Amino acid sequence: MVELTNEHLTVQISSHGAELCSIRGNASGREYLWQADPTYWKRHSPVLFPIVGSVWENRYHHAGQSYTLSQHGFARDMDFELVSQSETEVLFRLESNAETLAKYPFPFRLEIGYQLIRNQVKVLWAVYNPVSTDLYFQIGAHPAFYYPNYTPEDSERGYFAFDKTDALSYILIAEKGCVSPDTYPLHLQEGLLPLDTHTFDRDALILENGQVNEVRLLDTKKEAYLSLRFSAPVVGLWSPPTKNAPFVCIEPWYGRCDRAHYTGEYKDKDWMQHLSGNGEFHADYTICLERE
């Protein structure tokens with residue numbers, strides 16, 4: 001476990017999955033990141049690679065071959081190499097090997113970094129294509145945050161605020177972890193999305209097409225608690241359905257699960273990322289703690 005600290009924050013990251021495991025405010029002593037109680041969900045903030053969500057029936061097709069890949073891919077369950085570390089920054093690396101190539105036939109190098117900047121955690125992703133052939137992939141975040149004033153007896157959980165409020169819409173998981181094309185309007189109240197024990201009864205709310213680039217979590221008094229800023233084209237909002245869980249996830253994605261019954265080529269999946277030979281992909285998102 002690697003620890004980073006500055007005057008505002010202390011975070012911990014595991015080399016297993018290069019997963020962010022703790023974000024603690026130095027002034028408040030508050031833990032912001034979900035602590036992986038398996039009663040609700042056994043992870044903290046896994047990195048999703050080389051797919052986001054599920055492929056139909058856990059199988060996909062590439063160049064005449066069929067492969068099996070489980071939900072969210074394999075990077076979250078692999079050990080990363082620690083490349084560099086300072087008091088406020090760390091960088092991890094994962095490279096393709098015989099194990100990954102058997103289920104994902106693309107050589108790659110994945111680097112995941114974390115930086116502390118005042119009261120913010122900046123998460124950096126880089127994907128490198130080390131060969132001359134094409135590389136297709138998806139990558140996404142899945143951080144889970146404690147509700148600011150959770151009590152299991154109360155139904156209200158707080159609010160989401162967005163940087164845009166006009167004509168927002170979402171899609172839903174329909175079958176076997178894959179989405180339906182049906183679109184639903186996101187109904188806001190005074191520009192906010194109320195969160196309660198039933199908000200996620202139908203699973204994740206998935207906003208596509210770069211509709212928003214910031215999601216802020218507010219407490220039940222509508223006061224800011226934390227925010228995520230990102231440039232990803234898709235963001236998922238999720239808490240385990242029907243479990244009255246103490247946390248909610250804000251998930252920037254460069255990718256998304258299959259449409260239900262999709263059996264086309266892997267490279268033609270929705271929101272697929274493509275690198276030509278020896279290409280590079282870089283992206284980041286920022287977690288800001290509003291009260292530290």
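Modeller: The charged end of Arg-157 sits over the ring of Tyr-147, 6.0 Å from its centre, where sitting over a ring asks for NZ of Lys or CZ of Arg within 6 Å of the ring centre and within 35 degrees of the ring normal. Please keep in mind that this is a predicted model, in which local features need pLDDT of at least 70 and side-chain atom pairs count only at pLDDT 80 or more, while totals for chains, interfaces and linings use all residues. Residues are numbered from 1 along each chain as its sequence is written, and side-chain values use heavy atoms, with hydrogens and water left out.

Colleague: Which ring does the charged end of Arg-30 sit over?
Modeller: That is the ring of Tyr-32, with the charged end of Arg-30 at 5.9 Å from the ring centre.

Colleague: And how many aromatic pairs are there?
Modeller: The count comes to 26 aromatic pairs, taking rings of Phe, Tyr and Trp (its six-membered ring) whose centres lie within 6.5 Å, with planes under 30 degrees apart called stacked, over 60 edge-to-face and the rest tilted. One of these is Phe-160 with Phe-162, a tilted pair because the ring centres are 6.3 Å apart and the planes stand at 55 degrees.

Colleague: Are those two buried or exposed?
Modeller: Phe-160 is buried, at a relative accessible area of 0%, and Phe-162 is buried too, at 10%; buried means under 20% relative accessible area, exposed over 50% and partly exposed in between, with a 1.4 Å probe and protein chains only.

Colleague: What lines the largest cavity?
Modeller: Its lining includes Tyr-147 and Arg-157, along with Asp-196, Phe-200 and Asp-201, and the volume of the largest cavity is about 90 Å³. The second largest cavity has about 40 Å³, and among the residues lining that one are Arg-59, His-61, Asp-258 and Lys-269.

Colleague: And the largest pocket, how much space lies in it?
Modeller: About 310 Å³, with 17 lining residues, of which Gln-71, His-72, His-142, Asp-203 and Trp-238 lie nearest the centre of the pocket. The second largest pocket holds about 200 Å³, and of its 13 lining residues the closest to the centre are Tyr-170, Leu-186, Leu-193, Thr-199 and Leu-205.

Colleague: Now the loops, where is Asn-119?
Modeller: Asn-119 is in the loop between strand E9 (109-117) and strand E10 (120-128), strands being DSSP runs of E of at least two residues, numbered from the N terminus. Asn-119 is buried at 15% relative accessible area, and a polar atom of its side chain lies 2.8 Å from the backbone oxygen of Leu-289.

Colleague: What about Gly-279, buried or exposed?
Modeller: Gly-279 counts as buried at 14% relative accessibility, and its place is in the loop between strand E25 (273-275) and strand E26 (280-289).

Conventions: 1 Å grid on protein atoms, 1.4 Å probe; cavity = no way out; pocket = protein on both sides within 12 Å on 5 of 7 lines; lining within 4 Å. Points joined across faces, edges and corners; volume = space filled by probe spheres on them. Helix = DSSP H or I, 4+ residues; strand = E, 2+ residues; numbered from the N terminus. Polar contact = N/O pair within 3.5 Å; in protein donor to acceptor, adjacent residues only side chain to side chain.
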